[in-house]
Amino acid sequence: MQSKITTLKNGLRIITSNFSQLESVSLGLWVKTGSAYEKPEVNGISHFLEHMSFKGTQKRTAQEISEAIEDVGGQSNAYTSREFTAYYAKMLKNDAELAVDVLTDSVQNSVFPEEELVKEREVVVQEIKQSIDTPDDIIFDYFQEAAFPRQAIGRPILGMKEKVRSFGKQTLQDYLKSNYAAENMVACAVGNIDHDKFVRMIEERMDNFRAKTSFTADKQQYHGGSYIEQRDIEQAHVLLGFRGFPYETESYYPCVLFSTLFGGGMSSRLFQEIREKRGLVYSVYSFTVSHTHDGMFGIYAGTGAKDLKRLLPVVAEEIKKVCDSPVSEKELQRAKTQLKASMLMSLESSSATAEVLSRQMLIYNRIIPIEEMVERIEKVTLDDIRQTAQTIFSSRPTYTLLGAVEQRLEYDELQTLLNS
C-alpha cells in the first residue's frame, strides 16, 4: 500500500493511495475533534454539528446535498466519535470531484438554517432516546462515564436531550471556528485516483481554510468506579473494565494481542470457558479502547438474571489464571495470526483504508507502513503479554450493570473477588 502525502500552506494534509484496478474511490475529511474536546455546557455539539453540516450551505439546500451524491450513484455519510469526526463518500472514479465539492462545501460553508435546526434537534433527541432504549448500546456510555468521571472523555457522544435542544446557530459557528482547522484535519482518497488531481481538488476549495484551532483539550485520566441500573428486561448486561493504554505507547500492540487471545474470538479463553463449557452467555468478549492520553480494557457479557452471580466469579477466575499462569506460545501465535489477518483483510476495502490512513496521520503525524505494523505484532513476547495482563488487572475496576441485575455482586464484593 503506497501512499502519497502533500501538505498545503495552511497545514492541511492530503493523502492518497492509488488502486488503479478499482472503478471507485473512497474519500473524505477527517477531523481530530469530538466529544472529548467539548466543554460541559456544549456536550454533544460535535455530533450535532456533524448532522447540521448536511442541512444547507450557501449554494446547496439539504435536499440538494443529498441528491448531488445519490444522483450519480454515490454514497455519503459522517460519524462522530470521542476524538474524531469524519465526513466521507464513495463514488465512481469520474465523480470524485463532485464528492470533494459537496463535502468541502458542507464542512466549510454550512449556514445552519433555523428551520433545519429545529427539525434536527428533535432528530438527535430521537437518536438519544433510541440509544437509551438499547441496553447493549447505552451501557457503553455508562461504562465510559464511570471510568472517566467528570471528564469530557467520559461524557456521551450524543450529549443530553436538554443540551441538544439548546444548541443554536451561534453555538455551532463558535464550535466550528474553534475546533475545525487545517492543523487537525486530513483529506484522504483511496481508490482509482491521481494524487496530483486530488491535491488540486482540495487546494482549490480549502487553501484558505483557517490554519489553527483555538480550543484547549480536557484531561484524560482513567479513574474507575461503578454504575448499576435495574431494568425490567430479560438479560443482565455486564461491563467490567480496567485501565488500558493510549495510542502512543509500547504497550499498544501487546494490549491488542492480549485482548485477542483473552476474549477476541471463539477460540479465546473467555468464550471457551464462559459460553462453550458453562453456557452462561450468548455473547462474551474483551476489547481495548485507546485514547490520546489514556485507555481502557473491557469485558462485556450478557447473561440471564439467575446466572449473573455465577458469571462474575468465572470471569474473575479467568483473570487470575491469565495473570498467574503463563500464556502458551500456541495462544500467542494464534492471536498474532488473527490480528495480522484482520488488519490485512480490512485494507482490501478502500473505505477502511482511508479511515486507517487518516487516523494514523491525525494520531501519529505519519503513515505507518504495513510492514512496520506486522513487525511490531511479531515482536510481542509471552513476557510482554504477562506484564500487560498484570498491569491491566492491577488497576481499579470499572463495573457497570444494566437490566435484570437484582442478584448481583456489589462493587466492593467484586473488588474482593478480584483481589482474593
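Author: A residue counts as exposed when its relative accessible area is over 50%, as buried when that area is under 20%, and as partly exposed in between. The model discussed here is predicted.

Reader: Is Arg150 buried or exposed, and with what relative accessible area?

Author: Arg150 is found in the loop between helix H5 (135-147) and helix H6 (161-164). Its phi is positive, at about 55 degrees, although Arg150 is not a glycine. Most residues other than glycine have a negative phi. Because exposure requires a relative accessible area over 50%, Arg150 counts as exposed, with a value of 71%.

Reader: In which loop is Asn365 found, and what is its relative accessible area?

Author: Asn365 is not a glycine, yet it has a positive phi of about 60 degrees. The residue is found in the loop between helix H13 (350-364) and helix H14 (370-378). Since the limit for exposure is over 50%, Asn365 is exposed, with a relative accessible area of 55%.

Reader: How many aromatic pairs does a search of the whole structure find, and what kind of pair do Phe242 and Phe393 form?

Author: The search of the whole structure finds 21 aromatic pairs. For Phe242 and Phe393, the ring centres are 4.9 Å apart and the planes stand at 90 degrees. Because planes over 60 degrees apart count as edge-to-face, this pair of Phe242 and Phe393 is edge-to-face.

Reader: Which elements hold Phe242 and Phe393, and how many residues apart are they?

Author: Phe242 is buried, with a relative accessible area of 1%, and Phe393 also counts as buried, at 12%. Phe242 belongs to strand S8 (residues 235-243) and Phe393 to helix H15 (residues 382-393). The pair thus links distant parts of the chain, 151 residues apart.

Reader: What is the angle between the planes of Phe262 and Phe297, and are these residues buried or exposed?

Author: The rings of Phe262 and Phe297 form a tilted pair, with 6.4 Å from centre to centre and 45 degrees between the planes. Phe262 is in helix H9 (residues 252-263) and Phe297 in strand S10 (residues 295-304), so that the pair links parts of the chain 35 residues apart. With a relative accessible area of 0% for Phe262 and 0% for Phe297, each of the two is buried.

Reader: How are H9 and H12 oriented to each other?

Author: The axes of H9 and helix H12 (residues 329-346) are 9 Å apart, and the helices pack at an angle of about 110 degrees. Val256, Leu257, Thr260 and Leu261 of H9 meet Glu331, Ala335, Lys336, Gln338 and Leu339 of H12. Because angles of 65 to 115 degrees count as roughly perpendicular, H9 and H12 are roughly perpendicular.

Reader: How are H1 and H4 oriented to each other, and what is the handedness of their crossing?

Author: The axes of helix H1 (residues 45-52) and helix H4 (residues 114-132) come within 10 Å and cross at roughly 125 degrees, and H1 and H4 are therefore oblique to each other. From H1 the contact involves His47, Phe48, His51 and Met52, while the residues of H4 include Glu116, Leu117 and Glu120. The crossing of H1 and H4 is right-handed.

Reader: Which residue lies over the face of Phe84?

Author: Elsewhere, ring pairs join Phe140, Phe143, Tyr285, Phe287 and Tyr300 into a cluster. Over the face of Phe84, at 5.8 Å from the ring centre, lies Lys32.

Technical notes:
Residues are numbered from 1 along each chain as its sequence is written. This is a predicted model: local features need pLDDT of at least 70, side-chain atom pairs count only at pLDDT 80 or more; totals for chains, interfaces and linings use all residues. Side-chain values use heavy atoms; hydrogens and water are left out. Rings of Phe, Tyr and Trp (its six-membered ring) pair if their centres lie within 6.5 Å; planes under 30 degrees apart count as stacked, over 60 as edge-to-face and the rest as tilted. Helices (H or I, at least four residues) and strands (E, at least two) are DSSP runs, numbered from the N terminus. Buried means under 20% relative accessible area, exposed over 50%, partly exposed in between (1.4 Å probe, protein chains only). A charge sits over a ring if NZ of Lys or CZ of Arg is within 6 Å of the ring centre and within 35 degrees of the ring normal. Axes are lines fitted to C-alpha atoms, for helices over the stretch in contact, and angles run from 0 to 180 degrees between N-to-C directions. Angles under 35 degrees count as roughly parallel, over 145 as roughly antiparallel, 65 to 115 as roughly perpendicular and the rest as oblique. A crossing is left-handed if the near helix is turned anticlockwise from the far one by less than a right angle, and right-handed if clockwise. Contact means heavy atoms within 4.5 Å.
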